Amino acid sequence: MRPLQELVRTNIWNLTPYSCARDEFKGRAASVFLDANENPYNGPLNRYPDPLQEALKEKLAVVKNVAPGHIFLGNGSDEAIDLVYRIFCEPKEDNVVAIAPTYGMYGVCADINNVEYRAVPLNDDFTLDADRLLANTDEHTKVLWLCSPNNPTGNAFRRETIERLLNDFGGIVVVDEAYSDFCDARPFRLDLDRFPNLIVLNTFSKLWASAAIRLGMAFASEDIIGLFNRVKYPYNVNQLTQQQALKMLDDLPHVNQWRKTLLSERAHLLPAVAELPICKKIFPTDANFFLVRVTDAESIYHYLIDRGIVVRNRSRVQLCGNCLRITIGTPQENNILLGALRQYR
């Protein structure tokens with residue numbers, strides 16, 4: 001890895017962050033708050049939230065087996081994605097390399113930040129070619145984007161391939177593990193001490209069934225997390241989100257039962273879809289969704305919409321011609337989907 005200071009934009013490295021009012025009395029007891037121009041009524045919602053979400057990070061650290069100082073929390077994973085560009089990529093000068101197809105926000109955030117985005121196609125079976133990715137890097141490549149398990153393909157990449165990229169690329173490697181809770185592979189967040197250039201993303205939107213609270217996670221070295229905290233907006237995670245996340249972390253047995261049910265439904269649904277006349281190929285998945293190539297994706301998509309069933313048509317995505325992406329739902333929802341597909345003519 002190149003020295004961190006060489007990877008970070010000069011203005012960010014020299015940035016003096018905004019000082020929150022609550023930071024100034026940290027560690028001291030206080031009962032009268034007249035420092036932040038808050039309305040004294042309507043407590044507790046009248047107060048600004050903890051800007052660093054310390055109570056939430058302490059509890060999350062136990063569940064994720066990652067020290068609190070290695071955790072960043074943001075307004076969805078999309079905030080962390082955007083911060084990577086703002087911290088490491090000089091507009092009009094630097095570039096990033098990503099796989100294709102993959103999660104669309106990596107490219108959208110590149111466009112927003114005026115950073116060149118180099119999309120490198122996966123192999124036809126959606127496996128990852130490390131040589132091809134590295135061949136598309138140059139001295140201005142600051143970041144490699146990897147989503148594993150990948151969206152929309154569903155497959156997790158081989159650990160050996162990702163480790164090679166971490167070892168051979170001198171910049172930042174982001175491994176988005178939004179769907180890793182549905183996969184048996186060892187999560188990369190447990191290997192932060194081995195890879196100082198690693199950033200791992202995760203989310204409360206998938207396993208934790210909390211997409212509405214918009215809470216994303218990033219795990220990285222304390223130095224990188226310090227940069228995230230320096231650049232983020234002061235109160236980026238609101239108090240209601242923090243409270244709901246703490247509640248979900250206390251309900252881990254229930255969450256684990258959801259995981260068990262979804263994996264069982266995945267094992268049931270995929271072979272059932274594979275038997276349908278419309279199905280040409282189901283791609284292997286390690287996520288809570290699967291990609292299926294069908295006879296006529298456009299027609300089947302609109303057929304399902306007309307019956308109140310919403311799936312994702314990925315036909316216009318690179319390598320995904322005539323493919324639908326289908327999320328694993330409840331047993332009832334999956335049966336409704338199968339019933340409709342069996343009647344398609």
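Start by selecting N155, which counts as buried at 10% relative accessibility (buried means under 20% relative accessible area, exposed over 50%, partly exposed in between, with a 1.4 Å probe and protein chains only). This is a predicted model, where local features need pLDDT of at least 70 and side-chain atom pairs count only at pLDDT 80 or more, while totals for chains, interfaces and linings use all residues. Residues are numbered from 1 along each chain as its sequence is written, and side-chain values use heavy atoms, leaving out hydrogens and water.

N155 lies in the loop between β4 (141–147) and α7 (159–168); helices (H or I, at least four residues) and strands (E, at least two) are DSSP runs numbered from the N terminus. Now show what N155 touches (heavy atoms within 4.5 Å): leaving aside residues up to four places away in sequence, the partners are F126, T127, P149, N150, P284, T285 and D286.

Stay in this loop and pick P152, which also sits between β4 and α7. A cis peptide bond links N151 to P152, with omega about 25°.

Next, jump to P44, in the loop between α2 (10–13) and α3 (54–64). The bond joining G43 and P44 is cis too, with omega about 0°.

Move along to Q53, placed in the loop between α2 and α3. Though not a glycine, Q53 has a positive phi of about 50°, and its relative accessible area of 1% makes it buried.

Finish at R214, in the loop between β6 (198–203) and β7 (215–219). Here phi is positive, near 55°, in a residue other than glycine, and R214 is partly exposed at 33% relative accessible area.
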